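Open the model in your viewer and keep the selection tool at hand. The tour goes stop by stop.

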Amino acid sequence: MGLQEIRQRIAAAERAAGRPEGSVELIAVSKVQPDARVETVLEQGHRVFGENYVQEAQGKWPGWRQRYGGVRLHMIGPLQSNKAKAAAGLFDAIHTLDRMSLARKLANALAAHDGNTPELFVQVNTGDEPQKAGILPDELPGFLDQIHELGLTPQGLMCIPPEAEEARPHFVMLRELAEAAGLDRLSMGMSADFEAAIAEGATHIRVGSAIFGARDYSDRG
Ligand SMILES: *Cc1c(COP(=O)(O)O)cnc(C)c1O
């Protein structure tokens, strides 16, 4: 597929939803992809990328940041508390604030570091899946109060709908939760469902394989 086609599909989905062109931020999810594929997309001028693993991002992005100006990196994977400090220094946005222990570590790391504060999204477990990270919808207001007390100001919500279900009702739920909380950024929609997410108000979509091709995990053990 590739970047140009995805950009066209985003523009079409924005028009169909009556939203201004450019209102949706495309996060190109480069986790696990071979360097050459990422460099192709950098050469095409794209600058906003998503990664799932702190260590992987630390290894590959400092060099690209030097070669290509204006890179913005989004952390979209589960974040271990002991990596909060490293993540706060590396990423421009963190989409996976999903528990108090992480919020405390992030608050400490941000108080100590002198760079920009990353944009924060609270991950919501919209499908109430026991194995999945995220704050349960019922517990979101209390969680937001608690992290405010730590001095953290999230800008939006993020979700990963259950694999076996239609995604759209989950996007609706996330939008309604955000509206109720007075948050205006929504990180939702991936390769298979980003058009539905845009129709429901996504401001940030996370698209990997539709841009770069399938991920190959076979050499990661
Ligand atoms: C890997 C990943 C994506 C990208 O998935 P694709 O299906 O390749 O678009 C998006 N969001 C999260 C949280 C991911 O882990």
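Helices here are DSSP runs of H or I with at least four residues, numbered from the N terminus. One of them, helix 7, spans residues 168-181, and arginine 168 lies in it. Bear in mind that this is a predicted model.

**Stop 1: arginine 168**

Select arginine 168. Leaving aside neighbours within four places in sequence, arginine 168 touches Ala196, Ala199 and Glu200. Zoom in on glutamate 200. Its side chain and that of arginine 168 are joined by a polar contact of 2.7 Å.

**Stop 2: threonine 126**

Move to the loop between strand 5 (119-123) and helix 6 (140-149), where threonine 126 sits. Threonine 126 is buried, with a relative accessible area of 7%. Which residues does threonine 126 touch, not counting those up to four places away in sequence? They are Pro137, Cys159, His170, Met173 and Leu174. Pick out histidine 170: a polar contact of 2.9 Å links its side chain to that of threonine 126.

**Stop 3: helix 1**

Select residues 3-16, which form helix 1. At 1.5 Å a residue, its 14 residues should span 20 Å, and the end C-alpha atoms are 20 Å apart, which agrees. Colour the buried residues: Leu3, Ile6, Ile10, Ala11, Ala13 and Glu14. They cover an arc of only 165° around the axis, so they lie on the same side of helix 1. An α-helix has 3.6 residues a turn, so residues three or four places apart point the same way. Turn to the other side of helix 1: Gln8, Arg15 and Ala16 are exposed there.

What covers the buried residues of helix 1? The cover includes strand 1 (25-29), helix 2 (35-43), helix 8 (194-199), strand 8 (204-207) and helix 9 (209-212). Follow the chain past helix 1 to glycine 18, whose phi is positive, near 70°.

**Stop 4: the ligand**

Select the ligand. Around it are 13 residues, the closest being Lys31, Asn52, Ser191, Ser209 and Arg215.

- Lysine 31: 2.7 Å.
- Asparagine 52: 2.8 Å.
- Serine 191: 2.5 Å.

Taken alone, the ligand exposes 390 Å², and the protein buries 89% of that.

Key
Residues numbered from 1 in each chain as written. Predicted model: local features only at pLDDT ≥ 70, side-chain atom pairs only at ≥ 80, totals over all residues. Heavy atoms only, no water. Helix = DSSP H or I, 4+ residues; strand = E, 2+ residues; numbered from the N terminus. Expected span 1.5 Å × (residues − 1). Buried < 20%, exposed > 50% of the residue type's maximum accessible area, 1.4 Å probe, protein only. Arc of directions from axis to C-beta. Contact = heavy atoms within 4.5 Å. Near = heavy atom within 4 Å. Polar contact = N/O pair within 3.5 Å; in protein donor to acceptor, adjacent residues only side chain to side chain. Areas by Shrake-Rupley, 256 points an atom, 1.4 Å probe, with all protein chains shown as cover.
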